[in-house]
Amino acid sequence: MDELERAIVNRLQGGFPLSERPFADAARELGTDEATLIAKLKAMLEAGTLTRFGPLYDAERLGGAFTLCAMSVPPADFERVAALVNAHPAVAHNYERAHRYNMWFVIAAASRAQIAPLIAAIEAQTGYPVLDLPREQEYFIELRLVA
Amino acid sequence: MNALDERIVRATQAGLPLVAEPYKAIAASLGIEHSEVLSRLEAMLADGRIRRIGAVPNHYALGYTANAMSVWDVADHTVDELGAQVGALAFVTHCYRRPRRLPDWPYNLFAMVHGASRTDTALKIEIIRTALGLAVRASDVLYSTRILKKTGLRID
């Protein structure tokens, strides 16, 4: 990672200006110029160092309801259950974790009322109970990933 | 959320156009004024619908390959104060309070930690343990071993 890439990761995760020429303004702060910054961001997105460049929305505050779900699935049945869970469009992401509760996924729905039937459907399809762990409070995050 | 905000969210949730005047490009694509795009984005930033505007790095590409969810059982009357302390630690990327589900799940505080190795991540989790001190009644660590699905949270 070169100096500019490191500066982008460490200093440009937030605070990108809302101005007429924001890349020029941000570039000045980072000690480079507009064209170089734009080219570098394109390269980083292409290489996968950045997943996105732009506003990071809080999906919950935009409206809709979310919950984190956990399941304890026997290893021999894991792939079948993963396929059933992932087939629901409301399942936004799903991670395997090294734990008795080995499957963790997020459900995103238009309203809280839609979540319970979805969980019931997943339990019925898979034959395993689901822990429903909605976020009750989020705590302020001071800093972000550094490079 | 009003219809204009929703159109702006749709137009920008995958990223800003990488051109010299990105907000002007968005305004043109939506057939609205440049100043309207800026004022709606400012409003969403102010009320928290936008967390921040900038680069969203890929954990794995930065070398953060040992990703763990640390979970803690702390007393309800202290969880908010402790959660704020844990969230303030530089290496914690998300920190939430969630309900316990007894007897299966006794943990009410969740902190996501990313590290370059499990040793690195485990050290960071020990820093959380120290910060929480005697308040910890039980804890566990769940390393992610595979992404099974990742479509992101989007409005469509």
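This is a predicted model: local features need pLDDT of at least 70, side-chain atom pairs count only at pLDDT 80 or more; totals for chains, interfaces and linings use all residues.
Two residues are taken to be in contact if their C-beta atoms, placed from the backbone, lie within 7 Å. In total, 62 residues of chain B are in contact with 60 residues of chain A. On the side of chain B that touches chain A, two or more residues each come from α1 (3–12), α3, β1 (50–57), α4 (79–87), β3 (92–97) and β5 (138–150) of chain B. Strand β5(B) gives the largest share, with 9 residues. Sorted by class, the residues on this side of chain B comprise 33 nonpolar, 16 polar and 13 charged.

Strand β1(B), one of the elements on that side, also pairs with a strand of the other chain. Its partner is strand β1 of chain A, residues 50–57, and the two run in the antiparallel sense, joined over 7 bridges.

Along the principal axes, the C-alpha atoms of chain B fill a box of roughly 55 × 35 × 25 Å. Of the 156 residues of chain B, 31% count as buried. The contacts within chain B can also be viewed by their spacing in sequence: among those between residues at least 6 apart, 59% join residues at least 24 apart.

Helix α2(B) covers residues 22–30 and helix α3(B) covers residues 34–46; their axes lie 8 Å apart and meet at an angle of about 110 degrees. Because angles of 65 to 115 degrees count as roughly perpendicular, α2(B) is roughly perpendicular to α3(B). From α2(B), the contact is made by B:Tyr23, B:Lys24, B:Ile26 and B:Ala27, while α3(B) brings B:His34, B:Glu36, B:Val37 and B:Leu38. By class, this contact has 5 nonpolar, 1 polar and 2 charged residues. Helix α3(B) also gives two or more residues to the side of chain B that touches chain A.

Key: Residues are numbered from 1 along each chain as its sequence is written. Chains are lettered from A and ligands numbered from 1 in the order in which they are written. Axes are lines fitted to C-alpha atoms, for helices over the stretch in contact, and angles run from 0 to 180 degrees between N-to-C directions. Helices (H or I, at least four residues) and strands (E, at least two) are DSSP runs, numbered from the N terminus. Angles under 35 degrees count as roughly parallel, over 145 as roughly antiparallel, 65 to 115 as roughly perpendicular and the rest as oblique. Ala, Val, Leu, Ile, Met, Phe, Trp, Tyr, Cys and Pro count as nonpolar, Asp, Glu, Lys and Arg as charged, and the others, Gly among them, as polar. Two strands pair if DSSP finds at least two bridges between them. A residue is buried if 20 or more other C-beta atoms lie within 10 Å of its own, exposed if 12 or fewer, and partly exposed in between; C-beta atoms are placed from the backbone.
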